[in-house]
Amino acid sequence: MALDEFTANAEIIGRDEINDLEAILSVTNTDIDEAVHAVEDNADAIFTWDYEKGARPGLNKLYEKAKGAQWNAQTDLPWDTEVDLEKNAEIQRLQYAELEQDLSGTPLEKFSEQDMIQLSIESDNWTLSQFMHGEQGALICTAKIVESVPWIDAKYYAATQVMDEARHVEVFAKYLDEKLRGHYPINAHLKMLLDDIINDSRWDMTYLGMQVMVEGLALAAFGFMQQMTPDPLLRQMLRYVMSDEARHVAFGVLSLKEYYAGLTDAELRERQEFAFEAAVRMRDRFLQQEVWDRMGIKPKEILPAVIQDPGRAMFQQMLFSKIVPNCKKLGLLDAGDGWLRTKFTELGVIQFEDWQDTGEEYESLQATG
Ligand SMILES: [Fe+2]
Ligand SMILES: [Fe+2]
């Protein structure tokens, strides 16, 4: 049994041990200067001749909501807000002060207060850069869903999501360019995950990878940043983006709930493995290896201490607070022999299984419309 599990891990995520730091850090983005990145997208474009609108009432309701909830990235946000990065970083450091761990014996031991503030600024820049790249992934994946999903209500809804995602890429890029200092390139783990999602020929895998896993994590991560940031512009921007994201995750949950009901255990097992792979890739990216490089610290020397940090462990688990209940709602946790339940237990995130799923929650998160 144990041997089976190890073989599965190596096949799915490229290493036996989920927490093998050496293996995680060996994956780096070597194409940081590339201007474009091509990915084979193996799906057929599907026409449907069944135009009956509302045949899937849940999706139809989402579509009607989305039409009324559009906002304008250029005119609906207070872009004239002054953003003082040093001051905001100081405020944030005070908020985290309680959670701070003992840094003696780590490379951070010699960091001055000024260095710590710089680290916090870099970390926010990195996080927002990855959000921006992830948003472009969502734009491309959802355009693919418009083509590949066979249901007219889903094509209609996905078309509104394409517009939402264009707006999200637009706001993150504008915020990074005008308020922060430059971008970070895409993280290798995130890039690998987006490539895998786009590469898969099965239309439901785009939904599982993007709407349920990537957007489920984004919704939790945006919520966390929205609560912690002292910047009113960023707070407002994230509030609007979250309002859209909640609909997107609901779109994934409603569509897959119907589709998975007709799948065999063997087919569901492939979905479970894909969900696990996505979860691990997203967890790996949060090590922020590029930030340590930029701060002149070898990730290998600092990360063993960072991983031990209890505040960080809590944050990392919290990122899965939307994903786990949504996977449960889809029947993925317990399908077959409950393989995904075992894996989420190993990842330390199973405690969220009975939290509210986004199929229900999205209406309470609406900010516009
Ligand atoms: Fe988005
Ligand atoms: Fe989205």
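Along the chain, the donors of the iron ion (ligand 2) follow the spacing E-x49-E-x29-E-x2-H. Donors here are N, O and S atoms within 2.8 Å of the metal (3.2 Å for Na, K and Ca); water is not among the atoms, so sites may look incomplete. This is a predicted model: local features need pLDDT of at least 70, side-chain atom pairs count only at pLDDT 80 or more, and totals for chains, interfaces and linings use all residues. Residues are numbered from 1 along each chain as its sequence is written, chains are lettered from A and ligands numbered from 1 in the order in which they are written, and side-chain values use heavy atoms, with hydrogens and water left out.

Glu165 (OE), Glu215 (OE), Glu245 (OE) and His248 (ND1) coordinate the iron ion (ligand 2) at 1.8 to 2.2 Å. The angles among the 4 donor atoms run from 89 to 168°, and the site is irregular. Four donors count as tetrahedral if all angles lie between 85 and 135 degrees; four count as square planar and six as octahedral if opposite donors are over 155 degrees apart and all others between 65 and 115; anything else is irregular.

Glu165 also bridges to the iron ion (ligand 1), and the two iron ions lie 3.0 Å apart. Glu165 sits in helix H6 (residues 152-179) and His248 in helix H9 (residues 232-260), so the pair ties together parts that are 83 residues apart in sequence. Helices are DSSP runs (H or I, at least four residues), numbered from the N terminus. Both Glu165 and His248 are buried (under 20% relative accessible area, 1.4 Å probe, protein chains only).

Now the cavities. The whole structure holds 2 of 30 Å³ or more. A cavity is a set of points, on a 1 Å grid over the protein atoms alone, where a 1.4 Å probe fits but cannot get out; lining residues have an atom within 4 Å of a point. A volume is the space filled by probe spheres set on the points.

The largest cavity has a volume of about 170 Å³. Its lining has 17 residues, and Leu85, Asn88, Gln92, Asp124 and Leu180 are the closest to its centre. Helix H4 (85-96) and helix H5 (113-148) each supply at least two lining residues. H5 gives the most, with 5 residues.

Phe131, Gly134, Glu135, Val214 and Ala218 lie nearest its centre, among 17 lining residues. H5, helix H8 (203-228) and helix H10 (265-285) each supply at least two of the lining residues. The largest share, 7 residues, comes from H8.

Key. 1 Å grid on protein atoms, 1.4 Å probe; cavity = no way out; pocket = protein on both sides within 12 Å on 5 of 7 lines; lining within 4 Å. Buried < 20%, exposed > 50% of the residue type's maximum accessible area, 1.4 Å probe, protein only.
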